[in-house]
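Dear colleague,

I am passing on a structure that I would like you to look over when you have a moment. My notes on what was found in it follow below.

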Amino acid sequence: MEQQVLGRTGRLVSAVGLGTWQLGADWGEVSEGDARAVLEASLEAGVTFFDTADVYGDGRSEQAIGSFLKDHPDAGITVATKMGRRMDQVPENYVLQNFREWTDRSRRNLGVERLDLVQLHCPPTPVYSSDAVYDALDQLVSDGAIAAYGVSVEKTTEALEAIARPNVASVQIILNAFRLKPLDEVLPAASAAGVGIIARVPLASGLLSGKYTKDTVFAENDHRTYNRDGAAFDVGETFSGVPYEVGLEAAARFTELAKELVGESLTPAQAAIAWAWQRPGVSSVIPGARNVEQARANAAAGHAETLGPLFMSGVREIYDEMIKEHVHDKW
């Protein structure tokens with residue numbers, strides 16, 4: 001597995017990590033045994049970076065990782081968690097007292113004295129420009145509760161605001177073949193500042209796997225069912241904000257591009273993941289996996305050879321012709 005530096009943390013992490021939103025059972029039911037199996041398979045395949053959040057299954061995802069860490073104390077795993085979505089989304093809630101309560105809970109869930117990386121979990125936009133917020137995060141580092149901090153964002157402007165702060169270690173942002181805007185400013189700015197980029201939703205909620213059709217039915221408690229119009233949270237988190245039918249057509253073109261340029265060496269999903277981690281400035285890509293087969297297949301993309309400029313130009317063509325008009329300017 002390719003290893004890359006996670007920004008200002010200085011840690012080496014696997015180019016392909018594991019996103020664990022689904023292990024909290026927020027994408028349909030995932031048993032405790034299945035969650036453990038996914039974590040085991042990922043580590044065996046070379047994954048050393050797990051991303052979670054305190055709200056994934058109301059702590060269930062963190063607890064699953066915590067149990068796993070206890071059984072693998074010397075595996076060299078880096079865990080990034082997120083905080084801030086457990087209270088009303090108003091800037092006034094982003095204060096040191098709450099930060100301490102949230103991180104203490106995550107430390108208990110994960111069974112660690114100090115959290116490797118804590119990210120603000122897509123907070124209200126004014127939070128990113130608040131000096132007091134960064135002072136509070138610096139205090140947590142001084143206290144020894146966290147080793148480093150970063151942000152998770154919806155908007156490119158939020159990413160750029162955070163990158164300009166001297167102690168922000170990483171920025172997590174949606175980046176995939178249907179979401180190219182971060183390539184223009186965010187990734188170059190992050191590289192120049194030494195800030196790591198964690199690329200989430202690399203498969204556009206599974207669209208880029210090429211396995212879905214207009215007849216695919218998702219579970220009732222799967223956000224791909226209930227958040228297509230942004231009813232629960234930012235619609236950009238679901239299918240990258242692209243209308244499902246448009247996404248299906250664009251994904252079919254992506255599949256053909258992958259077949260033409262990489263043949264049978266990579267599946268469309270693996271090509272999408274490899275494309276993402278190979279963007280300059282990306283530290284790790286965090287696809288999710290609900291079973292062992294998905295975990296192994298995703299990790300294998302971390303061994304992919306460079307896809308090259310023809311692949312990039314093909315991705316850009318699909319984006320310009322089919323996706324761009326549906327992508328919100330803020331993304």
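How many residues in the lining of the second largest pocket are nonpolar, how many polar and how many charged? Please keep in mind throughout that this is a predicted model. The lining is made up of 8 nonpolar, 2 polar and 4 charged residues, and of the 14 residues that line this pocket, Leu69, Ile77, Val79, Val112 and Asp116 lie nearest its centre. The space in the second largest pocket comes to about 210 Å³.

In helix 5 (residues 156-163), the buried residues are Thr156, Glu158, Ala159, Ala162 and Ile163; because they cover an arc of only 155° around the axis, they are on the same side of helix 5. These buried residues pack against helix 4 (131-143), strand 7 (149-152), strand 8 (168-174) and helix 6 (186-193).

In helix 10 (residues 292-300), Val292, Ala295, Asn298 and Ala299 are buried, and they lie on the same side of helix 10 because their arc around the axis is only 135°. Helix 1 (32-44) and helix 9 (268-277) are among the elements that cover them.

Terms used: Residues numbered from 1 in each chain as written. Predicted model: local features only at pLDDT ≥ 70, side-chain atom pairs only at ≥ 80, totals over all residues. Heavy atoms only, no water. 1 Å grid on protein atoms, 1.4 Å probe; cavity = no way out; pocket = protein on both sides within 12 Å on 5 of 7 lines; lining within 4 Å. Points joined across faces, edges and corners; volume = space filled by probe spheres on them. Nonpolar A, V, L, I, M, F, W, Y, C, P; charged D, E, K, R; others polar. Buried < 20%, exposed > 50% of the residue type's maximum accessible area, 1.4 Å probe, protein only. Helix = DSSP H or I, 4+ residues; strand = E, 2+ residues; numbered from the N terminus. Arc of directions from axis to C-beta. Contact = heavy atoms within 4.5 Å.
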